[in-house]
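Please read the numbered points with the sequence and the model at hand.

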Amino acid sequence: MLRPLLFLCSLIALTGAQQTFTESSVVNISLCPITYYGQQYEQLYVNITSGNVTVCFNGFFSPETGGDCIVERSQGAEQFYYYIHLQPYYGDVDYVRQYFPTIQNSLERYFLISFPHFGFFPLNFGSSSQAALVLDRYTSDPVVYELQVGGTTVDTVNLTSSYRGFLDISGCRHSGGLYRPGTVINSDPETCFSLTCNETAVLHTTSCGPLERCQGNGICTFDTMLASICTVTGPTVIDVHGQMDSIQDRCAYSLFSTPSLPDFHVLGNFRDRRHTDVSLLDSVTLRVDGHYINLEQGGRVQLDDSTLTLSSSPQLVHGVQLSKDQTGVTAKLSLSNLIISVFFDGDTAQIRLEGPAGSSVEGLCGNSSRSLSDLRLSEYSSTSCEIQYSETADSTIDCTSVTERCNLLKEAPFSSCNSDIDPEPYITACTDTLCKYPAVDGLDCQFLKAYARACSLHNHALDGWTSKTGCSSEAFCQDRTCSDHEFCGEKTVGGDTRCFCRAIFASKYQANNSLGDPTVCMQNSASVTLVGCLLEDKGIDYSALHLNDPTCRGQVDELTHMVTFSFNSSNSCGTVVTTNNSQVIYKNTIMTQNSSFNIITRHDQMYIDFSCIQTQPDIKTATFRIRHSSVIHHITSGVWDYTLIMKAFTDAGRTQAVESNTEVQLNQKIWVELKTDGLDGDMVVMVTDSCWATDQPSPDSTPRYDLIINGCANPADQTVQVKGNGLGTSNYFSFNMFEFTGGSGEVFLHCKLHVCPKQNNCVPTCPGAAQRRRYARSKYEGEAFISMAWTH
């Protein structure tokens, strides 16, 4: 028998099999999707209360909007859980076959979603439309299940005397309707349409072809020339037969193609706008002879990578006539016996085909038996376009009022067109969209306008429809161009328009309560970029923003609308440079006066602080033979990239370098220069903290003799002098040559340095020199060695 707490999804082992939830949740079941009365789903929307429990597949339960749901009203629950398992136990397939003899396919997957007093197994039989439910009760009290499709109860299972029930939930879906296996609807004489949902829940429909006309007696005849219209608006495609599909993701889809024109293809691109879980038609692409003509929001038309300037006079581009007026853009392709016209107003696309009898239409606009996934064009879509999002229901939406407005399509003057163009698909598209997406950005008129224009293509003028509905025939947001991460919408309902951030793009910033990207730090410069549409959301005018120095303002990218603030060593823009142990910190602030939006508020100003923290390089050590060469080291550490040079000289002017043939004697004065190349002297200076000598290469070896302590000459050695320390990117010191008593005869010199902000007082404060005898004796040193170590 079917064992409880199992979930078959693949032959690959999964971990974390049991998941328990104590609140209403959305559960991702994409690894094991559910087929529910002919429709496949990849998410569960589970709502638990003490009074009832609902498990829905296309959104949380709502009596007003309806949905595909399993409702249990008798028990209620405080938690639920489901289990994942590898595969059915032995005998499960025969057990299922015993109770569902009409199902022909083999059982492939099932899972249990369980509540304290009841639970059920949805059974899936592979890619077929056949599916079933096994329902359980774990209590002595009755359990009643209601199975709803579109908010209407289609089956009820009452577990009163038995503890297990079995229900075949196979079915076919067509134009929003549910048809049981074995349903046959013979041809309607008026429409020439017939439908069959066979015993294995496979749907078959027949109707007149795209260029045929039903005579009203059940017979289709070809016209010499016949016009067919496909409308794509919001997330909905209404094909040339009046049948509809709804796009749930943000991918590109094939809308129209015909075998007679293999090099012509029309694509629809769907994107998110204000909501992450609703996609709307965003642009239309015409592929013509290897070129791409993109029709975009605002009336912008791009040919490959260039923008076209259009007018009401047609312009011929690769055989396509392109024109533009206040209602939108039209692309028209005319051949000897075929005319294809594509209209796009930024929200709605309408494709009109006029051709001879027998012309076929493929894609979502045609009579295609291919699934949505087959018509999805991955090569024109982003890799993440299929990711599904969910949002809580918008409580401000009044679905009753929405339905009343959408039903205007059955009233005058629209009713005069109802006999030629069925308004029901448009009404369904209107209500389905506006019951979960706010009626802004002209969306409350969009579906009415789409129907009115389809009617006009059938020679129905519909006089007065705009005054009755309060809509305009002009394109919404005409001539306003937004960037790729934006869309054009209303500032206020019926008011001015502007570019808004797309919901998915904005979500990554909203999650961190930020207005832009992290600061970009370089060694001598920094920049921060703010998102223009996020600033507008907060009512911030980017032109009023500036850095600490009011003359340093943001630069806006005219294509992306991103605003960048930056400073560098040539123009610090009031940057404050500080140090903290081993770090150098550059800090500046983006601010404006009298802003109503505040991130950090001080005296009615808006502040956005940003900084770069740069870790100073680690201590380095190098050894060289004075008579042979100087020390030159290239240092790369984090953003730091510079060269440190140490060189010994025999004269105070530091012109006579110690070479291989230079004889250095004991007690001879030597000048040692420490110089950097690559540090910005306008921003930082170099400070020599300490220098000391040992008779071994290691800086930690003993004995040790100090020459420079805390940036100052060792007061015990009157021969040591330090010059220019903390004033620039180089300094030097001098001392009299010596050797260690009883040592190896070699002397190694080590120095430790750090970087200091120039605006600070970086010059060490040195006390008066105290006279002490040094503990190294002098004598002639033929080949001295010097070792150097430093840090930043």
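This is a predicted model: local features need pLDDT of at least 70, side-chain atom pairs count only at pLDDT 80 or more; totals for chains, interfaces and linings use all residues.

Which hand does the disulfide of Cys 172 and Cys 197 have, and why? The first point below gives the reply.

1. The torsion about the S-S bond of Cys 172 and Cys 197 is about 75°, so this disulfide is right-handed. The sulfur atoms of Cys 172 and Cys 197 are 2.0 Å apart, and a disulfide is counted here when two cysteine sulfur atoms lie within 2.5 Å. A disulfide is a covalent bond between the sulfur atoms of two cysteines. Cys 172 belongs to strand 16 (residues 172-174) and Cys 197 to strand 19 (residues 193-197), so the bond ties together parts that are 25 residues apart in sequence. Both Cys 172 and Cys 197 are buried, where buried means under 20% relative accessible area, exposed means over 50%, and partly exposed covers what lies in between (1.4 Å probe, protein chains only).

2. Residues are numbered from 1 along each chain as its sequence is written, and side-chain values use heavy atoms, with hydrogens and water left out.

3. On the chain as a whole, there are eight helices and 57 strands. These are DSSP runs numbered from the N terminus, helices being H or I of at least four residues and strands E of at least two. Of the 792 residues of the chain, 49% count as buried. Among contacts with a separation of 6 or more, 60% are between residues 24 or more positions apart; a contact means heavy atoms within 4.5 Å.

4. The count of disulfides comes to 15. One of them joins Cys 230 to Cys 365, with an S to S distance of 2.0 Å. The torsion about the S-S bond of Cys 230 and Cys 365 is about -70°, so this disulfide is left-handed. The pair links distant parts of the chain, 135 residues apart: Cys 230 is in strand 23 (residues 226-233), and Cys 365 is in the loop between strand 36 (348-355) and helix 2 (372-375). Cys 230 is buried, with a relative accessible area of 1%, and Cys 365 also counts as buried at 1%.

5. Another disulfide joins Cys 399 to Cys 435, with an S to S distance of 1.9 Å. Its torsion about the S-S bond is about 75°, so the disulfide is right-handed. Cys 399 lies in helix 3 and Cys 435 in the loop between helix 4 and helix 5 (443-457), so the bond ties together parts that are 36 residues apart in sequence. Cys 399 is buried at a relative accessible area of 12%, and Cys 435 is buried at 15%.

6. The helices named in the previous point deserve attention. Two packed helices are described by the angle between their axes and the distance between the axes. The axes of helix 3 (residues 399-406) and helix 4 (residues 424-434) come within 9 Å and cross at roughly 155°. Axes are lines fitted to C-alpha atoms, for helices over the stretch in contact, with angles from 0 to 180 degrees between N-to-C directions. Helix 3 and helix 4 are therefore roughly antiparallel to each other, a term for angles over 145 degrees. Val 402, Thr 403 and Cys 406 in helix 3 meet Ile 427, Cys 430, Thr 431 and Leu 434 in helix 4. The residues of this contact divide into five nonpolar, two polar and no charged. Here Ala, Val, Leu, Ile, Met, Phe, Trp, Tyr, Cys and Pro count as nonpolar, Asp, Glu, Lys and Arg as charged, and the others, Gly among them, as polar.

7. The axes of helix 4 and helix 5 come within 10 Å and cross at roughly 170°. That makes helix 4 roughly antiparallel to helix 5. Tyr 426, Ala 429, Cys 430, Thr 433 and Leu 434 in helix 4 meet residues of helix 5 including Leu 443, Phe 447 and Tyr 451. By class, the contact of helix 4 with helix 5 has nine nonpolar, one polar and one charged residues. Helix 4 is mostly covered, as eight of its eleven residues are buried.

8. A last item concerns a loop. Pro 259 lies between strand 26 (252-257) and strand 27 (264-272) and is exposed, with a relative accessible area of 51%. Leaving aside residues up to four places away in sequence, Pro 259 touches Ser 360 and Glu 362.

Definitions and conventions: Angles under 35 degrees count as roughly parallel, over 145 as roughly antiparallel, 65 to 115 as roughly perpendicular and the rest as oblique.
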